[in-house]
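Hi,

Here is the structure I promised to pass on. Have a look first, then read my notes below.

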Amino acid sequence: MAFGRSSSSGPSDRQGTPSADATAGGAAQAAASGPADPITLKILVAGGFGVGKTTFVGAVSEIRPLRTEEALTEAGRPVDDVSGVERKTTTTVAMDFGRITLREGLALYLFGTPGQDRFWFLWDELAQGALGAVVLADTRRLADSFAAVDFFERRGIPFAVAVNRFDGADRYPEGSVREALDLDPSVPMVECDARDRKSVKEVLVTVVEHAMTMATGAPEHAAT
Amino acid sequence: MKDTGQGPQAWFDGEAGPVVRPYAMTRGRTGTGARHRLDLIALVVPEPAAGRPGLDRKLSPEHVEIVERSVRTPQSIAELASGLDLPVGVIRVLVGDLLDDELVHVTRPVPPAELPDVNILREVINGLRAL
């Protein structure tokens, strides 16, 4: 598993948000969100390059999947403070995302994570506050999903594996795919067709249900 | 790669990004002091003061566009970046300015390592099923 770049900056590095009120007056204003403010949630869609993440997002998004660029300092900002940012050398990474409005005031955003390994450090930011994640897998290239599985496992982010049915790809029994991915038994695994809206919806429901189980039920997912 | 075909002088293409470096719009700033980092899905919501056009002459066209878009419907940082075709980092700085001017506020997404309310999760499930 070619992974480890982002492990230096855990989610706990950016807990300092409550201090916003204590800073300038303008910032205090920022924290005073009214009661009617909409709620936004996000689910990440991860997996190897070319596994169908953009297609998956596009299948359910009410907007044409958008693309945004994040300017990045190279190799993992360890901590999110402003020191060092002044001299940043940037690369940009394109992220695809889509939106689903579930009701007035409640929207779900889907973010396709950058597929290339060298952008792993961006995942930490994307994973902040994520409700859950989908790891898209292609049975012909299961190894491409290892890093994503590993990432979400380590951070305790609820995720489900969705095996994208590619035309011409052999089907394997769920057990052998699970074994190949070394999945914890509690992690849901489903087949899907990333082009099909209904299928993608089902995958998302699976993820959210799993997130709910993790939030309410006994911690079936022992911390590693 | 849409800007190719400009003849032999074309030393850049679409992949190279805009010729005006994006951070010129922020006057070189890449951060906004002590304020917390704005999440990609933080929504920019207009304050009442945002309704008065031409209020502030020191706002750049990009600032104005952010305000206008948020007045139409609250926009996430990611959507603004995409809509204005600017890097997320630039949008963060510009939105930071608007926060300082109290023209907008931003919603605070669910804090890290905290799952949203179970009732909200249930709503999400039902909402997805009903799509």
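Helices (H or I, at least four residues) and strands (E, at least two) are DSSP runs, numbered from the N terminus.

Before you dig in, this is a predicted model, where local features need pLDDT of at least 70, side-chain atom pairs count only at pLDDT 80 or more, and totals for chains, interfaces and linings use all residues. Residues are numbered from 1 along each chain as its sequence is written, while chains are lettered from A and ligands numbered from 1 in the order in which they are written.

Chain A has 6 helices and 7 strands, and from the N terminus they run α-β-α-β-β-β-α-β-α-β-α-β-α.

Now for the pairing. Strand 1 (residues 39–46) and strand 4 of chain A run parallel, joined over 7 bridges. One pair to find on screen: L41(A) has L108(A) in strand 4 as its bridge partner. Strand 4 (residues 106–112) is mostly covered, with 6 of its 7 residues buried (20 or more other C-beta atoms within 10 Å of a residue's own, with C-beta atoms placed from the backbone). Over chain A, buried residues make up 39% of the 224.

Cheers

How values were computed. A residue is buried if 20 or more other C-beta atoms lie within 10 Å of its own, exposed if 12 or fewer, and partly exposed in between; C-beta atoms are placed from the backbone. Two strands pair if DSSP finds at least two bridges between them.
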